[in-house]
Amino acid sequence: MKVARVIVDVPASVVNQTFDYYIPEAFRPIVKPGVRVVIPFGPRKITGFVIELKERSNVDGLKEIIDVLDLTPVLTEELIEVGKWLAEETLSLYITTYQAMLPQVLKAKYAKEVALVRENVAADSIRALFDGRKTIGYDEALKHVPISLLKKEIEKGNVKINYIVKTREAKRYEQVIKPAELDKLEHALAELRPQATRQKEILSFFIRNHKPIEQTVLYNELNIHRSHLNPLVAKGLLTIEKREVYRDPYKREVEKTKPLVLTDEQARALTEINRAINDEEHKTFLLHGVTGSGKTEIYLQAIANVLNRGKEAIVLVPEISLTPQMVHRFKGRFGDRVAVLHSGLSVGEKYDEWRKIQRKEVQVVVGARSAIFAPFENLGIIIIDEEHETTYKQEEAPRYHAKDVAIKRGELNRCPVVLGSATPTLEAYARAQKGVYHLLTLEQRTNKQPLPPVEIVDMRAELHAGNRSMFSRLLLEKINDRLKKNQQVVLLLNRRGYSTFILCRDCGYVETCPNCDISLTYHKRDHRLKCHYCQYEKMMPERCPECGSEAFRYFGTGTERVQEALYKAIPNARVIRMDVDTTSRKGMHERLLRKFADKEADILLGTQMIAKGLDFKNVTLVGVLAADSMLHLPDFRSAEKTFQLITQVSGRAGRHELAGEVVVQTYTPEHYSIQYASRYDYTSFFYQEMKLRKTYRYPPYYYLALIQLTHENKAFLHENAFQAMNLLQRYVSNDAIVLGPNPAPIPRLKNRHRYQVLIKYRREPRLLEGLNAVLERLAQERRQGLQITIDLNPYQFM
């Protein structure tokens with residue numbers, strides 16, 4: 001094949017297509033679909049993905065491929081197909097979609113340099129700039145000469161701009177000492193002078209251990225350094241080689257585990273999944289099992305079947321559930337055949353884990369959302385644990401849901417997809433009811449213990465009884481009881497910081513972010529006010545900026561404030577706090593959980609990151625401090641999220657021999673989501689919520705599309721939002737409901753005003769055409785700074 005069709009690395013809709021390039025003869029053996037190439041594009045050199053090869057092109061005068069970056073394709077043919085489908089489904093650019101499939105280090109960076117072409121006629125200041133060099137960095141040039149002079153010299157042909165493609169593939173190497181043949185070493189040892197004691201020691205070591213050894217290991221073993229090796233290297237008795245090694249984020253030994261005996265319910269579910277694996281049949285299973293019912297063991301045994309058939313498995317776990325505990329369960333069962341991908345790894349560690357997959361050195365990948373793009377070519381099963389988690393939806397382009405990609409890959413690979421949850425999304429459960437998904441149910445915990453009883457505390461009654469603290473009398477009593485028994489407690493509060501806002505009691509002034517229409521959150525530890533949206537922060541003022549009063553009132557409760565109140569209420573309590581602030585440093589998440597597992601703390605206090613995937617034998621009490629914190633957000637899923645969070649965190653108690661209890665504190669105890677969660681009654685919650693969704697025309701009865709427009713000028717934004725809405729209405733039927741344009745719930749973020757248009761629809765064959773028409777019609781306005789994002793099946797409405 002002589003011509004490559006290439007998607008170029010220019011994220012713009014005008015070039016969202018393939019371009020033909022001629023393949024020089026030297027590159028033809030290695031240019032394949034899925035490799036990255038360096039190509040000329042206008043005056044620049046950029047990278048691109050080869051999507052297809054063909055014999056000839058309809059275009060005359062093709063430019064040539066300059067370089068090939070990969071010897072092995074970084075995208076499989078299946079991923080190329082998935083990428084095309086995904087770009088069209090999410091209205092994304094092809095290049096954005098393909099780049100989302102790869103680790104960060106494979107995304108090229110571009111640099112500009114200035115090259116001297118005609119030294120003898122160039123301006124004196126330009127010649128002085130180069131000082132004998134042929135090229136200098138573009139930024140360095142602009143520090144010493146004005147851009148106008150540089151432009152004139154380029155026009156005269158005295159200098160030119162080169163565009164350099166830089167890749168960031170950071171492979172790690174180690175030095176290895178390799179011995180010569182054994183008889184050569186023995187002969188050399190006999191010939192050494194008596195005083196060459198170090199050399200004798202080294203040669204004797206390699207005669208006893210005749211194999212290559214890591215340089216650092218040898219140095220430590222014999223207490224030597226490089227100067228002791230040099231004479232032996234010079235004689236050809238030892239050679240020093242560079243060997244590529246993987247970074248290992250999980251260095252600790254993991255104890256090997258064996259399959260557990262399954263309950264009857266587990267065995268029935270596994271039989272159904274194994275039948276689809278053995279028949280190579282694509283089916284989507286919804287595994288609906290209560291917390292502690294042994295869903296993970298079913299995953300492990302299904303994967304074992306897949307591996308025995310010579311195939312591969314992808315397991316997706318929400319980022320916050322991807323705890324060391326979860327990783328150890330998979331590593332313990334499958335050892336080195338497991339790669340792990342999540343945001344806690346460094347860029348280099350992620351790249352190494354990805355290369356293990358690409359080189360077929362592993363057969364199982366356990367990871368967060370983006371692991372769905374693992375470059376496996378022989379998939380036998382895809383598992384999505386905690387399928388209800390909203391983190392499976394990507395909130396920037398391409399706005400995909402990992403579940404949709406999993407089902408697409410399952411179809412292409414003729415393999416089952418398993419969606420597991422104790423609290424499935426209404427959409428998933430409705431599909432299972434209709435027979436689109438196959439429902440598998442686990443109603444019993446594996447330890448045969450009942451689910452922990454839940455007590456609801458009405459905090460309004462606590463207030464009337466004179467209790468103004470954030471802990472009910474019942475919860476405090478039960479915490480003290482557990483501490484006396486040397487048992488542990490988990491407390492959930494879905495809000496970080498010290499307080500949600502501060503208010504001046506004299507004039508009512510509230511400190512807000514200058515860039516966003518949102519109040520600043522007070523963080524007591526560093527005495528600062530912070531915006532959790534744009535990262536703006538400032539020192540907490542001593543006096544009110546409006547009236548000068550010192551009478552500040554702290555409203556709302558964050559984890560930091562709860563921790564302080566716990567120490568006051570129970571001075572001897574040992575508390576670990578887990579939220580974004582305490583786990584931002586690498587390895588802190590694991591370190592804090594290990595301390596809790598080793599009983600170095602009595603109470604684990606945290607945001608929703610503690611609600612999932614944790615399994616501690618000694619936890620017998622769970623407290624939910626503000627169960628209704630999400631109920632009053634402008635989100636039609638708020639009741640569903642409340643039900644899920646209470647059910648999930650309740651499942652952390654009594655998972656082993658010790659019985660558990662749950663206390664839920666709320667100001668709206670009568671709300672159906674809290675009532676049903678306290679009884680673990682998913683089915684009743686499902687039918688109650690479905691009635692409301694049908695009445696107000698929300699999923700799963702209707703699909704949603706959200707158009708969000710932002711600009712710094714509010715009037716300009718308002719005008720274009722109405723233009724977008726009017727244009728869209730030409731493409732949709734009267735059955736579709738178009739709401740807006742309206743200001744977003746947070747009307748301004750990062751100094752940009754925000755408007756939204758929401759479309760509710762059932763079947764609209766021209767909707768995608770209409771959304772594309774909006775993007776095309778407003779192309780000029782987008783060049784003037786108007787940003788338009790389109791989200792089909794949105795999860796964020798703020």
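A network of salt bridges links Glu 455, Lys 478, Asp 481, Arg 482, Lys 485 and Glu 661, a salt bridge being a side-chain nitrogen of Lys or Arg within 4 Å of a carboxyl oxygen of Asp or Glu. The model is predicted: local features need pLDDT of at least 70, side-chain atom pairs count only at pLDDT 80 or more, and totals for chains, interfaces and linings use all residues. Residues are numbered from 1 along each chain as its sequence is written, and side-chain values use heavy atoms, with hydrogens and water left out.

By this rule, 39 salt bridges are counted. One of the pairs joins Glu 427 to Arg 637, at 3.2 Å from N to O. Distant parts of the chain are linked here, 210 residues apart: Glu 427 belongs to helix 15 (residues 426-434), whereas Arg 637 sits in the loop between strand 28 (619-624) and helix 20 (638-650). Helices (H or I, at least four residues) and strands (E, at least two) are DSSP runs, numbered from the N terminus. Both Glu 427 and Arg 637 are buried, where buried means under 20% relative accessible area, exposed over 50%, and partly exposed in between (1.4 Å probe, protein chains only).

A second pair worth a look is Glu 511 with Lys 538, whose side chains meet in a salt bridge of 3.1 Å, N to O. This pair also links distant parts of the chain, 27 residues apart, with Glu 511 in the loop between strand 21 (501-504) and strand 22 (521-523) and Lys 538 in strand 24 (residues 537-539). Glu 511 has a relative accessible area of 3% and is therefore buried, while Lys 538, at 25%, counts as partly exposed. In the salt bridge of Glu 769 with Arg 766, the closest N and O atoms are 3.2 Å apart. Glu 769 is partly exposed at 42% relative accessibility, and Arg 766 is partly exposed at 38%.

Turning to the surface, Arg 431, Lys 434, Lys 694, Arg 762 and Arg 763 gather in a patch of positive charge. Such patches join like charges within 9 Å, using residues with over 30% relative accessible area and no salt bridge. Lys 694, part of helix 22 (residues 682-696), is exposed at 55% relative accessibility.

Overall, the protein holds 25 helices and 33 strands. Its radius of gyration (taken over C-alpha atoms) is 31 Å, close to the 28 Å that the globule rule gives for 798 residues, so the protein is as compact as a globular protein of that length. That rule is 2.2 Å times the number of residues to the power 0.38. Of the 798 residues, 52% are buried.

Methods: Patches are made of residues with over 30% relative accessible area and no salt bridge: like charges are joined within 9 Å, nonpolar side chains (Val, Leu, Ile, Met, Phe, Trp, Tyr) within 5 Å. Accessible areas come from the Shrake-Rupley method with a 1.4 Å probe; for residues, only the protein chains shown count as cover. Lys and Arg count as positive and Asp and Glu as negative; His and the chain ends are not counted. The place of a charge is taken as NZ of Lys, CZ of Arg, CG of Asp or CD of Glu.
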